[in-house]
Protein chains: 2
Amino acid sequence: MRILVTGGLGTVGAGLIKELRSRNHHVVSCDLHHQPDEIGFSLRTDVEAPLYARCDVGEFRQLERVFERCGPFDYVYHCAAEFGRWNGEDFYETLWRTNAVGTKNVIRLQERLKFRLIHFSSSEVYGDWPELMVESVMDEYEIKQLNDYAMTKWVNEMQIRNSALQYGTESVVVRLFNTYGPGEHYSPYRSVNCRFLYCALHNLPWTVFRGHSRTSTYLADTVRTVANISENFRASETYNVGGTDLHTIEELSNVVLHVTGADPRLVHYQDSEILTTKLKRVDTSKSRRDLGHKNSYSLADGMKLTADWMKQVYRL
Amino acid sequence: MRILVTGGLGTVGAGLIKELRSRNHHVVSCDLHHQPDEIGFSLRTDVEAPLYARCDVGEFRQLERVFERCGPFDYVYHCAAEFGRWNGEDFYETLWRTNAVGTKNVIRLQERLKFRLIHFSSSEVYGDWPELMVESVMDEYEIKQLNDYAMTKWVNEMQIRNSALQYGTESVVVRLFNTYGPGEHYSPYRSVNCRFLYCALHNLPWTVFRGHSRTSTYLADTVRTVANISENFRASETYNVGGTDLHTIEELSNVVLHVTGADPRLVHYQDSEILTTKLKRVDTSKSRRDLGHKNSYSLADGMKLTADWMKQVYRL
């Protein structure tokens, strides 16, 4: 199969490319930065058969050129996005351009070229829905998104849905729940798992907000499930891809202390954050049924592997 | 009162400025284009006491400068927006930048400067809600917006709501229903009232989609009601501002034929449009109660006045 992965340098994108290539697909990826193995659009490249293109999905011309020069594609995994709640609040211009306009650019090309789209959404679309997050909740209950990042993800789902209704495009949406693992490079805007580990390994203090519960999904599990979509593609389906074991943020922090051996005095505790979902419980029965989703790694195992990777990457 | 009207060159903005000035408010406006009475930011202006500033609300620096040079303001009427369903589909980059980023820019300044915001939303947020459109419907039922324009308007409402929750900003939202009248310059993306009149006056054919019913609101009624908000401001309220007499698009077209005397053979009929709301009935009891909203013009009277204005503007 010929596959394009947008956002190929991101945590999920990079993991997904490896998985898809291990299944012998022809995978091209694109992202914002220059890379050694990138295509030279107007010049001769040194690397043979480059499979990466520099492309900002928010710029239609750049995206269209990837399809013209590297396509056609049977499937497009659209991972490219500004990620995270506070990142979205602090960089909202970039958020709306990349996520809303970028995804619309992808859809416009899909309407023309008819590839199948797998779009990455987020558990954030569920807002502060207090009960079990089943996919159908979003079709049955009035839910308001609590931040601009969440809104862009919900907007994308509606854009995709409207295009399917109006132009017959074929797409699948996956809603990822707190995915972490090797490949997630630290920034203050990353997942809480990544941030706590980074702090622990660098002897930096971190803050635990009390009263929030989450599941965590280890990247390798996410990536395997999502790669399976190209083998059992059901247009217009939406899948939760997440973990099942609920843990508090306090418990996560304790796992971090355990796997890193960091000083417990680094941890500070605060009351719950405003406009942040208190409890996220996810129903993954649909992705288990259609995509063979499973959670093979315990939180302790996954965090141990991530810590090992982080020590290498940051040379600790 | 010191008031800023963004989008002051638009149909609603321009009408609103006139109304607010007639009530002796100090009104500054901004919009995308140069104007004779604009402020020279870095040069001496010829016109005395200019009350217009060129400003793209999607550019934070330009917007901030309006507040620094022309403020402070007690109220901001935020009319600036890319308008209309098909306009949004055809110019989606501009739509998301102006509407999502532009409104976020306004909100960020509001969080800092604490002015009261009156934001213009649209009946489009109600999607294809088949029953009476009451404001509270959006808090009670799951509704998906049917186009990107509608999504930006709903996003704006959530952005405003989240800012109120998180930072205590004070805002009122008005959802306008099919507003028409003198001041609405023709483009193919404008209201159906404007388009039919323009075609009739220029001997151009027009298409009537069967099976759609709408109300129309005459601009003078909209503007009076909206101006009243600054005199009875209730933070976090949302108001429908619309007409009450339901008419089909066929009936509207017949009114156009009547007030212009155009040839009935100019009219073509087609079956209903996909992804367009079939029936829009609006409940305006809340704006009647709080803002003294009323519909003083029948469709025939309003269309006659609009036709007269159009004949002048286009020198017919």
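Let me start just after α4 of chain A, where K114(A) takes a positive phi of about 65°; helices (H or I, at least four residues) and strands (E, at least two) are DSSP runs, numbered from the N terminus. This is a predicted model, in which local features need pLDDT of at least 70, side-chain atom pairs count only at pLDDT 80 or more, and totals for chains, interfaces and linings use all residues. Residues are numbered from 1 along each chain as its sequence is written, chains are lettered from A and ligands numbered from 1 in the order in which they are written, and side-chain values use heavy atoms, with hydrogens and water left out.

Turning to chain B, 7 strands form an open sheet in the order β3-β2-β1-β4-β5-β6-β11, with parallel pairing, where two strands pair if DSSP finds at least two bridges between them. β3 and β11 of chain B stand at the edges with a single partner strand each, so one side of each is left without a neighbour in the sheet.

Finally, how do the copies meet? They meet through the same surface, because 100% of the interface residues of chain A are also interface residues in chain B, contact meaning heavy atoms within 4.5 Å.
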